[in-house]
Amino acid sequence: MGNNESTEEIKILASDDLKLVRNSDDVQLVRGVSRRDFMKYTVGTVASIYLGTMTTGCGSSSQNGIQLTTYPIDSTVVTTTTRVLSFDMPPQPSGPNSGTGLYLSELHLVDQYRNYGYGTWQFSTEGLPIVPRKDIMPGGDAYPTPARNTKFLNFFAITDIHITDKEAPNQLIYLQQEDPANSGGNTSIYSPIMPYTTHVLDAAIQTANALHKKNPFDFAISLGDTCNNTSYNELRWYIDVIDGKVITPSSGAHRGAKTIDYQKPYKAAGLDKSIPFYQALGNHDHFYIGSVPVDANPALGLRESYISDTVWSRADFLQPIGANFPALFDCYSMISTPRYFTGVLDGSTPTGKIIHAEAVGPFSIPPKVAADPKRRSLLRTEWIQEFFKTSTLPVGHGFNLVDPGQPAGFACYSFLPKSEVPLKVIVLDNTQREDDGSIDIHGHGFLDQTRWDWLQAELQAGQDNDQLMIIAAHIPIAVVKYGDETEWWLGGYDAVTNPYGDKSSTTQNAVNLVELVQTLQNTPNLLMWIAGHRHLNTVKAFMPPPGGTPDQGFWQVETSSLRDLPQQFRTFEIYLNSDYTVSIVTVNVDPAVAEGTPAATSRKMGVATQQIVQGDAILNNPNYLTMYGKDLGPMDPTRPQGGDPLNPGSGDDFFDLSIKYGQVPNVPYCASYNAELFKQLSPEMISALQAKYPIVT
């Protein structure tokens, strides 16, 4: 190596099979090369190998004597009870030349954000209060506030992390510009946050670790959508961040791996090993971009597209076809024309410029990319198995508790977080099946008969054993209007039993919302249903049925996405009160990102995206009795129903009065919510708790 040629510093990473190699175009990460091969690559071009700090990041960490970049969080770690993010929400553009801001189709113009003030934020001087909620208590707000007596549990939930391989060849990025009316607000398709998904997860995990030191967590749970597109590398990045491993947040040619902050390999901090971590399944974890079963239609070539060396060309399937409802989509129409090269992000550019996104012409040549076998799509069974290949606990992250007698890919289980506390968590897979035959977007809530039977048995066992219960599922219930892509699926068409069902399928949903809610109301030990999926921080009260008893009410708590604003997770503290009621104190948390880190850039991109897209992050849907002119029954059987969906505001829209959002002085838009949720217990459960926890006054 002692020659007179120009020298260049190359860094070797402390990863099992990873080397950085420069070719004529860019630094590339070369996997699986031997020492001899590495020398062959570098002789004549490298004069020195530097084993010091990799980049100018915020810190460094030594692993086997080699320095690796780390991204420590800010030293101030607090919850939203102390402060919240504040930013202006500009008016939406009103015409093609309004000049008031960027359009949805221009979301990708990241280098222009500063011109419009997008991405600018500050912290409020006041925090978001914890609102006492007694909706389901006898007497409502008049119920006297009891004292908290015994803490049962303290845990946190994260959800919808959407770790994204931004350089994968089979994305749908172009549709965000080509069809903004139907896909412009869909940040799963494109968002400027895409380069930073691993970094914000790393910051969130460090924030949770810091809170754990102040008030120890008994466990953590992820409510699904770990991946954005079912890919192996996306899932491994997710697991490896939690495990505290070296993260290589790029794929294919690994363009920009030496020069671009979001592409540089780094060492994740990892979750505190004393916090047991459990996992639920989301629709993005086993459907293409959360929407299409990968193997349902071989003509799409979907599975092959993941590891292809050319950018996919597909048609826009996000035009509603109106076969049953105007919102029904035909996912398989991607085979039709006109087609578009769907685009990838250029990792060698500071803002992740979109390239290879264009209409396909008669003489078009498919753009080439570097193929990467680690982009392969995982089957549901393979996705589950990866959670047995981690260094955090428990082994399997809950999937070790799945009944071995259930079918392959069964993703439901339950666990007792603390053996001495009579409270179990029921982790429920309520996503659609890969083989249901539906051509619609697969983001609906669904239980087949096997899962429905299992859930009923778990609820009954909890009642029989005097256990309080929490259901943890990806998809919430009774908050979305029929016909929406995130609502409880009506199931496949049947002329007699389900005439308004999905005509592309005959698979039946084993339970409708009315039956499901009635079952939950008849389980008085159920405290709450927690979920993600909608990227909202919503708390909803399910009231007792007419003529029922107060203990039949329960709560639903939704947690926002860690990817999209407000990029938060939730803490839950559960107390037994002095009157043998239960309090659930739930609080949103912003990751404590440090200025200058990729996670801080992610926050700026999140604010900018919200300012441009202006999606409704404080959504409250009317409880329509009918939708699209068809008598489908109410979306929520527990509150007043009515309204005309084709003429909103005409009267009797019946919004959910239990869904509220917090307000903080001088904060224009707050999509967070902190609350103390009170729950009445049954006489039988009170008697069991009195024997175990005598109240000391």
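1. In this predicted model, one aromatic cluster is formed by Phe 155, Phe 219, Tyr 238, Tyr 278, Trp 383, Phe 387, Phe 399, Tyr 413, Phe 415 and Phe 572.

2. Searching the whole structure for aromatic pairs gives 25 of them. Among them is the pair of Phe 410 and Trp 454, whose geometry is edge-to-face, with 6.1 Å from centre to centre and 75° between the planes. Because Phe 410 belongs to the loop between helix 8 (380-385) and strand 18 (413-415), while Trp 454 belongs to helix 9 (residues 449-464), this pair ties together parts that are 44 residues apart in sequence. Phe 410 is buried, with a relative accessibility of 9%, and Trp 454 is likewise buried, at 10%.

3. Charged side chains also meet aromatic rings: the charged end of Lys 134 is placed over the ring of Phe 678, at 5.6 Å from its centre, and Arg 376 lies over the face of Tyr 232, at 4.1 Å from the ring centre.

4. The largest nonpolar core holds 113 residues, of which Ile 221, Tyr 238, Leu 455, Leu 516, Met 528, Ile 530 and Ile 574 touch the most other members. Helix 6 (residues 232-243) supplies the largest share of this core, namely seven residues. Apart from this core lies another, of 21 residues, which include Ile 189, Leu 302, Tyr 340 and Ile 441.

5. Met 528 deserves a separate look: leaving aside residues up to four places away in sequence, Met 528 touches Phe 155, Met 469, Ile 470, Ile 471, Trp 555, Val 557, Phe 572, Ile 574 and Ile 584. Of these, Phe 155 and Phe 572 also belong to the aromatic cluster of the opening point.

Methods. Residues numbered from 1 in each chain as written. Predicted model: local features only at pLDDT ≥ 70, side-chain atom pairs only at ≥ 80, totals over all residues. Heavy atoms only, no water. Phe/Tyr/Trp six-rings, centres within 6.5 Å; stacked < 30°, edge-to-face > 60°. Helix = DSSP H or I, 4+ residues; strand = E, 2+ residues; numbered from the N terminus. Buried < 20%, exposed > 50% of the residue type's maximum accessible area, 1.4 Å probe, protein only. Lys NZ or Arg CZ within 6 Å of the ring centre and 35° of its normal. Core = buried A, V, L, I, M, F, W, Y, C linked by side-chain atoms within 4.5 Å. Contact = heavy atoms within 4.5 Å.
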